[in-house]
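Subject: Structure for your review

Dear colleague,

Please find below the structure that I am handing over to you. I would be grateful if you would read the notes that follow with the structure open beside them.

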Amino acid sequence: MTQSYDLIIVGGGPIGLACAIEAKKKNLNYLIIEKGAIVNSIFNYPLYMTFFSTAERLEIGDIPFNCLAPKPGRQEALEYYRNIHRYFNFNINLFEKVTQVQKLENSLFKIKTDKNSYEAKNVIIATGFYDIPIAMNIRGEEFSKVRHYYKEAHEYAFREILVVGANNSSVDAALECWRKGSNVTMVIRKNEINNRVKYWVKPDIENRIEEGSIKAYFESNIIEIKENEVDIETPEGKVTIKNDFVLALTGYKPDLPFLEKMGIELSNDELKTPTYNPETMETNVQGLFLAGVVCGGMQTHKWFIENSRIHANIIVDYITSK
């Protein structure tokens, strides 16, 4: 028998949990469906990642986030959000993947997963963006030595490492690997380190490059990845370097085909911005809402925990006012 809810939240990250907190406050019959562990994206962050935000900006549900360091790390965040679940005792199904969200003629939604099916009056999509790496689309990208996710530096110690990009994840990986004994080279499309890199890290990487500890090719791109080498196109011409691993930390994108499959309209440019009303967060499909990073389409730097927590209040207030 199909279970029916006032609200189903797709995604059990911080913003999905924030939506559930507001739903509980308004006595809505809700369910969170998460394809992995609770706050799965944070779980998959690098082991020693430090947030740009301070602890209080990551808080949800008016529950304090106590942290000794000025900026919390991955481990502190996981502990905090586990405690949030202990406190609120969410109605959440973990390791269950939503495969379809369909609007029915009776205005209800049918939600299919790899384990069950449900009905709901309203649906919030809070799936983030961390699941689909942005491919480089170059020859050799399929080699197992090419990694689109970075966990820790130990595996790469004393090896020839090529890091692609100059954003926070790329810079963190380059510095950690270099400090663990890797010979690190960076390939950067622009002529400088990204200005959005954490302010206490940016001088570190720039100094390591200037002193020659880390080699950087600016205004450059990888042409081809080979078994033991990589070809790079630089302003001075083609360069071939020895290589054991490529850390292609080129960013990630939301599951845009999944949004389109639900009927959500995307902009016709490279940004692929979903259509929604910023006053209600409701998409062009009535009763279907977006929350968190997924709202930005390909602009994954536009929304993050601290500035999208408010989406939970906006959505649930609107649902309960109808």
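Two strands are said to pair if DSSP finds at least two bridges between them. Please also keep in mind that this is a predicted model.

With that definition, strand β5 (residues 109-113) and β6 are a pair: they run antiparallel and are joined by four bridges. The hairpin that connects β5 to β6 passes through three residues. Within this pair, Lys110 has Glu119 of β6 opposite.

Strand β6 (residues 117-125) also pairs with strand β1 (residues 3-10), in the parallel sense and over seven bridges. Here Ser4 is the residue that stands opposite Glu119. Strand β17 (residues 288-290) is a further partner of β6; three bridges join them, and they run parallel. In that pairing, Val123 faces Leu288 of β17.

Which strands form an open sheet, and in what order? There are three, arranged β12-β13-β14 with antiparallel pairing. At the edges lie β12 (221-225) and β14 (237-242), each of which pairs on one side only. On average, neighbouring strands of this sheet are turned by 30° against each other, direction ignored. Between strand β13 (residues 229-234) and β14 there are six bridges, and the two run antiparallel.

In soluble globular proteins, nonpolar side chains tend to be buried together. The largest nonpolar core has 92 residues, of which Tyr81, Phe90, Ile111 and Met186 touch the most other members. Helix α1 (residues 14-25) gives the most to this core, namely seven residues. Apart from it lies another core, made up of 14 residues that include Met136, Val164, Tyr217 and Ile241.

What does Met186 touch, if residues up to four places away in sequence are not counted? Among its contacts are Leu162, Val163, Gly165, Ser170, Val171 and Ala174. Met186 also touches Ile205, Ile209, Ile214, Lys215, Ala216 and Tyr217.

A colleague

Conventions. Residues numbered from 1 in each chain as written. Predicted model: local features only at pLDDT ≥ 70, side-chain atom pairs only at ≥ 80, totals over all residues. Heavy atoms only, no water. Axes fitted to C-alpha atoms, helices over the stretch in contact; angles between N-to-C directions. Core = buried A, V, L, I, M, F, W, Y, C linked by side-chain atoms within 4.5 Å. Buried < 20%, exposed > 50% of the residue type's maximum accessible area, 1.4 Å probe, protein only. Contact = heavy atoms within 4.5 Å.
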